[in-house]
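Student: Please take a close look at one part of this model and walk me through its side chains in one connected account, with the cut-offs behind each term.

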Amino acid sequence: MDATDIQNNTSKKPLLGNRAIWNMSMGFFGIQAGFALQNGNASRILQTFGANVEHLPLFWLAAPLTGMIVQPIIGHYSDITWNKLGRRKPYFLVGAILTALALFFLPSSGSFVHIISPLIMGAGLLMLMDTCINIAMEPFRALVADKLPGEQTSKGFAIQTCLIGIGAVVGSWLPFFLAKWGNVSKVAPEGIVPDNVKYSFYIGAVVLLITIFWTIITTKEYPPTTEELKEKEAEKILPQNGLKSIFKDIKEMPKTMKELGLVQFFTWFGLFSMWVFSTPAIAEHIYHVPASDTSSEAYADAGNWVGILFGIYNGVSAIYALFLPGIANKLGKKGTHALSLVIGGISLISIYFIPTPNLLILPMIGIGIAWGSILSMPYAILSGALPAKKMGVYMGFFNFFITLPQICNGIFGGAIVKYGFHDRSILALVFGGVLFLIAAFATLRVKTK
């Protein structure tokens, strides 16, 4: 059997060894290290440059807005692309290079104050980074579905989730470790990002490039058939067909995908609240730092500890991901995901009742269990409902259900915190936990093939 036959019939795809599956997902390690650096430090950097707490969600809108636009387009064109590098690899190579540049310049935005406001510069680089991460990230999801037969998709997404978790631990912990054991300064004058954060971003850029090249060198993609090549040439001759095809695909979206969309909406609205408000919430609620204080040592300690906590939940997700295929075999994919979300929701709510920084480790374990499932189970459920030749574009469309709730949170989240919670950021985390519980109930109502 040749590779063309394999590509045409998903039931004939060969089983891949563990090494091949790990190699094909290695680039996600680097992507997630960069993504974790952004998640753990973007609010801190923007506050350093002068952003108010209630305005932080508006800056974070860059991520979902770019994802909503970029991922379906990249998914569509990666479906119809083939060159010397392959089908998916050209896209995540370009995305990785641009992301590395954004990682290098984002924490140094204050250096350009004589040209443009550092807040505007930082927000612009944050948007650029989000765009590039989306270019790199989407083809990796499709690559797993391209390469693996149905009986290995849960394993493939679980291994990918494991590498995502390990990469996120590295990215989340770098600022703390550089300050604690690298003797790198964790404080800086007002308006300047501390050196431990800057150097962490530089290291993240290097790690990203190394891991992406690892995947490119060690992984070969299945080539398209002659018929597929003819279709791709037609797309190139009539590029307007690409847009028509995208709208047609939206209209024919599988029902399972729509039902999973509701699950994703509640899940990612809650996640967005956690990412945006964790640093101010923990600084105020646990460290008793005023909201306006962003240059004190106590605020720096809170920000560094949030990085450690984010690393813990990502580390837990990496370990939990290895057990997910076995758990899914016993509880089913829906049952596994619903249970994981319940554990995560209760854990987020419990943060409100915790008085000391060290005890925050406990809810991070539960959040890590939810995160491990969020990164793999919806995709494992979805992959069985999608046509193989449309895998890339539908994986891109599925990102709508991730970006839309974040956009809604970005628009209304600040007002909810300011007027609904009276500027108490900690209540945004409690609200996120409640939404996880609602998402768990919605999961059980999804009809799967």
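Tutor: Thr99 is found in helix H5, which spans residues 89-105 (helices are DSSP runs of H or I with at least four residues, numbered from the N terminus). This is a predicted model, in which local features need pLDDT of at least 70 and side-chain atom pairs count only at pLDDT 80 or more, while totals for chains, interfaces and linings use all residues. Residues are numbered from 1 along each chain as its sequence is written, and side-chain values use heavy atoms, with hydrogens and water left out. Thr99 counts as buried because its relative accessibility is 4% (buried means under 20% relative accessible area, exposed over 50%, partly exposed in between, with a 1.4 Å probe and protein chains only). Leaving aside residues up to four places away in sequence, Thr99 touches Met129, Cys132, Ile133 and Leu208, where contact means heavy atoms within 4.5 Å.

Turning to the rings, the structure holds 19 aromatic pairs (ring centres of Phe, Tyr and Trp, the last by its six-membered ring, within 6.5 Å; planes under 30 degrees apart are stacked, over 60 edge-to-face, the rest tilted). One of them is the edge-to-face pair of Trp268 and Trp371, at 5.9 Å centre to centre with 65 degrees between the planes. Because Trp268 lies in helix H11 (residues 255-285) and Trp371 in helix H13 (residues 361-374), this pair ties together parts that are 103 residues apart in sequence. Trp268 is buried at 7% relative accessibility, and Trp371 is buried with a relative accessible area of 3%. Ring pairs also link both tryptophans with Phe35, Trp275, Phe310 and Tyr313 into a cluster.

Conventions. Helices (H or I, at least four residues) and strands (E, at least two) are DSSP runs, numbered from the N terminus.
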